[in-house]
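Here are my notes on this model, as numbered points. Please read them with the structure open.

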Amino acid sequence: MSDHENVKFDSKCVHAGVGDYQFGPVVPPIYQTSTFKFESTQQGAALFKGEEKGYIYTRMSNPTVEAMENSVAALEGGYKALGCASGMAAIHTAFAALLNGGDHVVCSKSVYGPTSTLLATVLSKFLIDTTFVNPSDLSNIENAMTDRTTVVYIETPGNPTLETTDLEGAAKIAHEHGAMLVVDNTFMSPALQRPFEFGADVVVHSMTKFLNGHADVVGGIIVVKDEELYPIFRTTLNQIGGVIDPFNSFLVHRGIKTLSLRMEKSSENAVKIAEYLEAHPKVEWVRYPGLKSFPQYEVAQKQHDLPGGMISFELKGGHDAGEVLMNSVKLCTLAVSLGGVETLIQHPASMTHLSMGKEARESAGITDGLVRLSVGIENVDDLIADLEQALEKV
Ligand code: LCS
């Protein structure tokens, strides 16, 4: 990356992380090997002690994985990144690196269901307790802070409500209390929002989504802003072991080359679809950061380069009407996940956010009628025609 540090974001998408390899390939080769040969016992020992730089074992590091990690670190503006087997592996590893038993976490209420469940049911076994708040009102974060709070964890925009948090304000509160701000940037990707610019300490992603962008990889990443913080994350990931493999790293790195283009097209389509839905007589409400009616429109304008590809909405007939719509689409695909080139539609209350339970969902604003749309890069007229024919059946 050293030759390309000062280029613009879209150039970084194409070039960041690509190193020099034997035979001069233009893209990083897939080093599909679990282990690396030592020249001597002395060299092996020196590598393990960290006295010599090089590769030892793919769980510890691998050139293909490292190329992708360097790319994401450059895009987020962080020091280094750590490729993980899934978004959940990245989130678990980040918590394991930062928390001790007895610590307290302040977390957004509207997060991906399993993130909330990880804190509430798994990490709670290790005496870590969490207060879930609506962080779009910063006073809720402030009021939840205790002298044991070491992590403030924000997903913004939140899955699936799109509730948006002022990261600068959240970082200030976290730091005043000696805590770290960890941000899940999956919904915007670094093309549209770079949390380090607003004071975050750690960024996590499900790379399964916009970073890879092609619905063919499960992967995650942790990006660390400061050099001092990095070793504890690398050691923790190495001990827990939830690393991404070379082939999936290669695919994600390839996907990233078109990240800017995909985010632009997906946002452009989503703006038109959100406007179409908002004007439709069968639609009760639409949440989309690009609409003037969006509750945190000002914060979104400040933090996002474009409004992104995620929309949530509810039809006038609530849950039952939403079911008819989701069962009637033809071009849009009824499936969970998001951030790919294809438009996906799903029902959070019975799918992605089922594990949270009804009470936590209701408190987070995830109504039974909420429908989530991840807008792809198809022709927008085709997408609107598909929604139109499905809405006619409602
Ligand atoms: N963070 C966010 C914001 C997510 O949306 C997801 C997955 C994760 C983390 C976890 O990543 P994974 O382990 O799946 O790579 N979100 C999904 C969703 O909304 N539908 O299916 C998966």
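Which residues does His205 touch, not counting residues up to four places away in sequence? Point 1 takes this up.

1. **His205 and its surroundings.** This is a predicted model. His205 sits in strand β6. The residues that His205 touches, beyond those up to four places away in sequence, are Glu76, Gly87, Ala90, Asp184, Asn185, Thr186, Ser189, Pro190, Leu211, Gly219, Gly220 and Ile221. Buried means under 20% relative accessible area. His205 has 2%, so it counts as buried.

2. **A polar partner for His205.** One of the touched residues, Glu76, makes a polar contact with His205. The contact runs side chain to side chain, at 2.7 Å. Thr186 is also worth a look. Thr186 and His205 are 19 residues apart in sequence, yet their C-alpha atoms are 4.8 Å apart in space.

3. **The ligand site.** How many residues surround the ligand? There are 18 of them, and the closest are Asp184, Ser206, Thr208, Ser337 and Arg372. Helix α4, residues 87–98, gives the largest share of the shell, with three residues.

4. **Polar atoms at the ligand.** For Ser206 the distance is 2.8 Å. For Thr208 the distance is 2.6 Å. Ser337 uses its backbone instead: an N or O atom there lies 2.8 Å from a nitrogen atom of the ligand. Taken alone, the ligand exposes 480 Å², and the protein buries 93% of that.

5. **Ser337 in detail.** Ser337 is in the loop between β10 (333–334) and β11 (344–346). Its phi is near 80°, a positive value in a residue other than glycine.

6. **Leu127, another positive phi.** Leu127 has phi near 60°, again positive in a residue other than glycine. It belongs to the loop between α5 (113–122) and β3 (129–133). Leu127 counts as exposed, with 64% relative accessibility.

7. **Two cis peptide bonds in one loop.** The bond from Thr156 to Pro157 is cis, with omega near -10°. The bond from Asn159 to Pro160 is cis too, with omega near 0°. Pro157 is in the loop between β4 (149–155) and α7 (167–176). Pro160 is also placed in the loop between β4 and α7.

8. **Helix α9.** Which residues of α9 (residues 230–240) are buried? They are Tyr230, Phe233, Arg234, Thr236, Leu237 and Asn238. An α-helix has 3.6 residues a turn, so residues three or four places apart point the same way. The buried residues of α9 pack against α3 (63–76), β1 (80–84), α4, β6 (202–206) and β7 (220–224). After α9 comes Gly241, with a positive phi near 90°.

9. **Two domains.** The chain divides into domain 1 (9–256) and domain 2 (260–391). Their centres, taken over C-alpha atoms, are separated by 26 Å. The contact between them takes 42 residues from domain 1 and 40 residues from domain 2.

10. **The cores.** The largest nonpolar core has 49 residues. Ile141, Leu181 and Leu259 have the most contacts inside it. A second, separate core has 28 residues, including Val105, Val111, Ile128 and Phe233. Phe233 is also one of the buried residues of α9.

11. **Ile141 up close.** Leaving aside neighbours within four places in sequence, Ile141 is in contact with Val106, Val133, Pro135, Val152, Ile154, Ala170 and Ile173.

12. His280 lies in the loop between α11 (259–279) and β8 (283–287). It has a relative accessible area of 12%, so it is buried. Beyond residues up to four places away in sequence, His280 touches Glu388 and Leu391.

Terms used: Residues are numbered from 1 along each chain as its sequence is written. This is a predicted model: local features need pLDDT of at least 70, side-chain atom pairs count only at pLDDT 80 or more; totals for chains, interfaces and linings use all residues. Side-chain values use heavy atoms; hydrogens and water are left out. A nonpolar core is a set of buried Ala, Val, Leu, Ile, Met, Phe, Trp, Tyr and Cys residues joined through side-chain atoms within 4.5 Å. Buried means under 20% relative accessible area, exposed over 50%, partly exposed in between (1.4 Å probe, protein chains only). Contact means heavy atoms within 4.5 Å. A residue is near a molecule or strand if one of its heavy atoms lies within 4 Å of it. A polar contact is a pair of N or O atoms within 3.5 Å; within protein, one must be able to donate a hydrogen and the other to accept it, and residues adjacent in sequence count only if both atoms are side-chain atoms. Accessible areas come from the Shrake-Rupley method with a 1.4 Å probe; for residues, only the protein chains shown count as cover. Helices (H or I, at least four residues) and strands (E, at least two) are DSSP runs, numbered from the N terminus. Domain bounds come from an automatic or database domain assignment.
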